[in-house]
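Hi,

Here is the structure I promised to pass on. Have a look at it first, and my notes follow below.

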Amino acid sequence: MAVIQVDNLRKEFKRNKSREGLWNNVKGLVYREYETKTAVDDISFTIDKGEIVGYIGPNGAGKSTSIKMLVGILVPTSGRVIVNGIEPYKNRELNAMRIGAVFGQKTQLWWDTPVIDSLRLMRYMYDIPPARFNENMERFTDILGLDEFKHVAVRQLSLGQRMRADLCAALLHDPDIIYLDEPTIGLDVVVKEKIRNFILEINRDRGTTVILTTHDMSDIEKLCSRVMVIDQGKLMYDGNLEQLKSDFGSGERMVVETDRIFESSQELNELGVTSCSVDGKKTQLIYDKKRINSSMLIKWIMDRYDVKDFVVKETDIEEIIRTMYGERLPLEAAADRERVFV
Ligand SMILES: Nc1ncnc2c1ncn2[C@@H]1O[C@H](COP(=O)(O)OP(=O)(O)OP(=O)(O)O)[C@@H](O)[C@H]1O
Ligand SMILES: [Mg+2]
């Protein structure tokens, strides 16, 4: 059953045209010229109850803008969002009762108020029955480890503590849907793990639908069965993780250690090896596994070299996403690509 229905959703922002030079800037104060930025460009999808969906894309892709329209903070320029049968921005209060949201970049809690008081305020705002509130508080305190800082003012919390408090606040009223915009940003591995487990538990026990944006591909691998990739406001991919891997990750990687320096050749290239980087006696080969499998490749190598050791690795999701985002990201992948020899 679809709980979220998005049809041709679009958001344009008008902003002052950027100018160069002092005189042009002075002119700009008098004659305002605007340019339009399309942050979300005619996106359509549906999300069913109980799904955990990863919404990913490079910086500026339009993720937060989409989430804000789903939450009802932003009004779409055109298109439509229906959440639980209502249009969020038209019914913000009703919508708020049934959703929870965490924006990793910005807390929803009261800055100068101790965590516990903020959470108690939520109880009144959402009219949560006392028994339910106490039960949730007990459970969330336990899983999220809130005891160590619940009497501390929000502004004095570390990032990881603040994120745990925000998650608790977003879930106290048992929402059907939670939107998490970068809930693991800047967190250490232990807190990340805590938060991921918490999300999984809530989804499993309550059937809560989760929409998550992140730049951390391990979040996606651990949590999401479905991934949507957005780039420059457009939906580039919507499907399950396995499909994404098989569509875009046909490459496999082998690192082989040989008795002498490996020499790449035209023959290897014709067999399906797309990249060969030699580092002393260790060589990394990337190949299209639809054309040559690892046993054929290792046999080819062993016929010519004395092989000391080798490992085969599936291209991971991180590599696939890098390929999809293309050249615009300053990731190490760009440097990697330049090392394509064959
Ligand atoms: N209030 C605004 N006014 C004008 N332009 C905006 C506004 N909010 C966002 N934008 C622009 O819309 C585009 C999408 O921004 P958005 O915040 O949705 O990206 P994002 O995918 O969340 O990126 P990030 O990964 O960096 O968080 C960007 O080009 C941004 O500059
Ligand atoms: Mg964002």
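On the H6 side, Gly160, Met163, Arg164, Leu167 and Leu171 are in contact (heavy atoms within 4.5 Å) with Val191, Lys194, Ile195, Phe198, Ile202 and Arg206 of H7. By class, that makes seven nonpolar, one polar and three charged residues (Ala, Val, Leu, Ile, Met, Phe, Trp, Tyr, Cys and Pro count as nonpolar, Asp, Glu, Lys and Arg as charged, the others, Gly among them, as polar).

A word on the source: this is a predicted model, where local features need pLDDT of at least 70, side-chain atom pairs count only at pLDDT 80 or more, and totals for chains, interfaces and linings use all residues. Residues are numbered from 1 along each chain as written, chains are lettered from A and ligands numbered from 1 in written order, and side-chain values use heavy atoms, without hydrogens or water.

Helix H6 covers residues 159–171 and helix H7 residues 189–206 (DSSP runs numbered from the N terminus: helices are H or I, at least four residues; strands are E, at least two). Their axes lie 10 Å apart at about 10 degrees (lines fitted to C-alpha atoms, for helices over the stretch in contact; angles run from 0 to 180 degrees between N-to-C directions). H6 and H7 are therefore roughly parallel (under 35 degrees; over 145 is roughly antiparallel, 65 to 115 roughly perpendicular, the rest oblique).

Then there's an open, antiparallel sheet of four strands, ordered S11-S12-S10-S13 (a pair needs at least two DSSP bridges). S11 (273–279) and S13 (307–314) are its edge strands. Seven bridges join S10 (residues 251–258) to S13, and Glu252 sits opposite Glu314 in S13.

Cheers
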